[in-house]
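Hello,

Here is the structure we talked about, ready for you to open. My notes on chain B follow below it.

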Amino acid sequence: MSSDDVGVSTRDSRGPEACSLRDLAVGCAGCVIAVTGDRELRRRLLEMGLCNGARVECVRRAPFGDPIEYRVRGYNLSLRGEQALCVSIDPQGTNQSA
Amino acid sequence: MPTLAAPSSTLVVALAGNPNSGKSTLFNALTGLRQKVANYPGVTVEKKTGRCQIDTDRFAEIIDLPGTYSLISRSPDELIAMEVLRGLRPDTPAPDVVVAVVDASNLQRNLYLVSQLIELGRPMVIALTMLDLAEPRGQWISPEELSKKLGVAVIPVSAHLKRGLDDLKRAIQMAKPAPMPDWPIPNAMHDELVTVGGGLAILEEGNRDGYGFSPTHANRLDRYKALAERLLIGDRAADIGPLSRQEPVASLLAHAASRLQQLGIDPMQADVEAHYKWIESLFGGTGLQTAQPPGLQTHASGGRLNYQPKATTFSDSLDHVFLHKFWGLGVFAAVMGAIFISIFFLADPLMGATESVIGWLGAQIGRLLPAEGPLHDLWTDGIVAGVGGVVVFVPQIAMLFLFLSILEDSGYLARAAFLMDKILAKVGLNGKAFIPLLSGFACAIPGIMATRVMENRRERLATIFVLPFMSCSARLPVYALLIGTFFATFSAAARGGILFSMYALGILAAAATALVFKRSNKGTPRTPFIMEMPAYRLPRVGNVLRQVWLNTKQFLVKAGTTIFCLSIILWAMAYYPRLGEERLEKVASQSRATIDFYKFQGLARPADLAGTGLEPPGAMKHNGETIRQWEDQVRQEEAAEAVASAQLRHSIAGRLGHFIEPAIQPLGYDWKMGIGLIGSFAAREVFVSTMAITYGAGSEDDTTDLSTSMTEDRYPDGSKVWTPLVAVSLLVWFSIAMQCMSTIAVVRRETGGWKWPIIQLVYMNGLAYVVCLAIFQFGRMI
């Protein structure tokens, strides 16, 4: 992967399969495409590892629907729905191994 | 290998790492009890330092930096960490060595911070923790391999078992900076950095001092490029901020930014992604993958590593229950219930015991003082009572922090926040506010201190602000007195209902106030909720106890002094000015006359006999001696009460009560209640005893006398002073108003100034005034 892909923020993130992290159902996974939102929020989400096409899996939702727990880069991260909305992903289906 | 500095000098070592990475445990293991906790001047971030012996005649000063995920975000914790690491703080020496604590079970994200630390160019050592957790999670790594790839020593440590500490100490002494990797940034950005770097070079030619970057950057161009990158991504820290504004750098930066923007490149994003790309490349090679246990499925396509744990870990299984829609909430309710009940009920006997001990001690020392007079009273009622008033909180605080530390250490706290976040977010708070708010029902003080678990400053402030609305246990005696006296005719259920409404009112007021806080911050973006869910682990006893000790000590020292001073002042207000001897005699004889009157009538009020062990005249055997004993005893008691009452009315507090009467009359209160309100400033439950003294109505333990006095009290025009409406008005006052000076002292301590406690005081009492006014006036019309 060439380093020219890095940092480009105007990639088409609204392709036919793109959706946001919030749309991910429990048990499903996807790869991060882009992160939107205000600068500080974006930086936080990127720094927590939601970048470079990382694989994110939706683990569970809280009993009242919010926040949502995800698994990314080997650890568990919980986000409120409105933050999850800022992360667009390419859904993969459940537990792919290839 | 040469050591870093002269062997006898003290090394300054900074511990950096993610939250939950085991950093604090390592710090404790290295420094033992030789720790100091203070505040960084100007902010409410804790500064933890300690001393450690790293060699036979060599010591290290260890700075435990706040746990951070990054060095460049805006929270106070991250700013402090960054400033200390760069040596920008005058109060803290620049570290000679940085020990990066890396959680092996969470490698990629932990290495992000490491990548930023590498950029600082300081001698570095990596302490690898939680290796025992790494394997089940499918993230095994060999420390040797990591060390080779990073170019610095990687020491596995098990802080709670004290393994690896000696290796770590040796490595610290031989630390060198990590070689700077070639961060895979976009070529276009790379070109811009070279350009800006050139401008910086020109600037430095004219500046002898350089920019404070470590001189170990072998290549000067590297140094300028690194600096240029800091500036381009928006880092404006104190040491480099001015550079960004000077020419030619300023215009070079502006041009670079706009050119990159046209290409669709965001430098900040590119920077983060480049760091993670580098991290991913560490895993792309053979070394790390072959070290994995069988059964792990990974893909390493194009340098990406996607973790899929081979089996659910113990943590995952626990979470399956603890975060379950139904069972999870059940467990949560059980845990919270247990905590609450313990603090509410267990604390009481402990507090009583503490008070007895203090009282006993005070009496022993009091014997050395003159038996009567101001010095004796100052000692007994002023100082001893004041100290007692502070120390009495220790059992509750210790207990709450015991629970809190266990919850935090075990990892359950994050789960509790996860479950409660939705509800609390509705009023602009945060899931982590739940336990502090719950503790507020026992006592606001430990609750306010418990808000330390909330990292977000704004939400923490909002939580502290509304916490006193949670009806604390001190209000209970007041509620009991008022409801018991004026709603005695109501059924038990109805009375319980009124009690419950007072609690509900508090919660309502808290929610409304929190919403006001939320709305007033509308301009600024809503603070996000981004929280890591750490793996469950057994809380470490040493850690927990240390937390309890440190927090209790902080309370005693900081808040304790304020509370103590305020209680002396309040005591003086109720003590001075003194009535003259003549006046006291007059009051006493008047009181005796009243007793004789009752005796003549053959009547005796039941309260007169309480504690005397004697029976009323009518039922007594006609033994002259016994009757006289009884008379004398009752006379003495009554006279003492009358004297105390007169004294109180004559004092500053009493006069203040009269003084504020016009202001509180529209709420239905008279000057006696005014005195009570002033007295309750020391502590809400003092209201009951102050009322008892004012009415000259017997000891605090038995309020039947007080109740009677209250119901019989009349204004000069014959109308009753106390009506059920007045009682309701007073109940609501106690529910809403902020009266506890100890709370104010703690709020001042936790918010770092008088601004917020004063705002809180004015707001809550103002609100109480308006609401009680409305209730009383409206009630009168019906």
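**Strands and helices in chain B**

Val12(B) stands opposite Glu61(B) in E4(B). This is a predicted model, in which local features need pLDDT of at least 70 and side-chain atom pairs count only at pLDDT 80 or more, while totals for chains, interfaces and linings use all residues. Residues are numbered from 1 along each chain as its sequence is written, and chains are lettered from A and ligands numbered from 1 in the order in which they are written.

Strand E1 (residues 11-17) of chain B pairs with strand E4 (residues 58-64) of chain B in the parallel sense, over five bridges. Strands are DSSP runs of E with at least two residues, helices are runs of H or I with at least four, and both are numbered from the N terminus; pairing takes at least two DSSP bridges. On strand E3 (residues 46-55) of chain B, the sense with E4(B) is antiparallel, over seven bridges. Here Thr49(B) stands opposite Ile63(B) in E4(B), and two residues lie between E3(B) and E4(B) in the hairpin that they form.

Now to the helices. Among the buried residues of H28(B) are Trp671(B), Lys672(B) and Gly679(B).

Best wishes

Definitions and conventions
A residue is buried if 20 or more other C-beta atoms lie within 10 Å of its own, exposed if 12 or fewer, and partly exposed in between; C-beta atoms are placed from the backbone.
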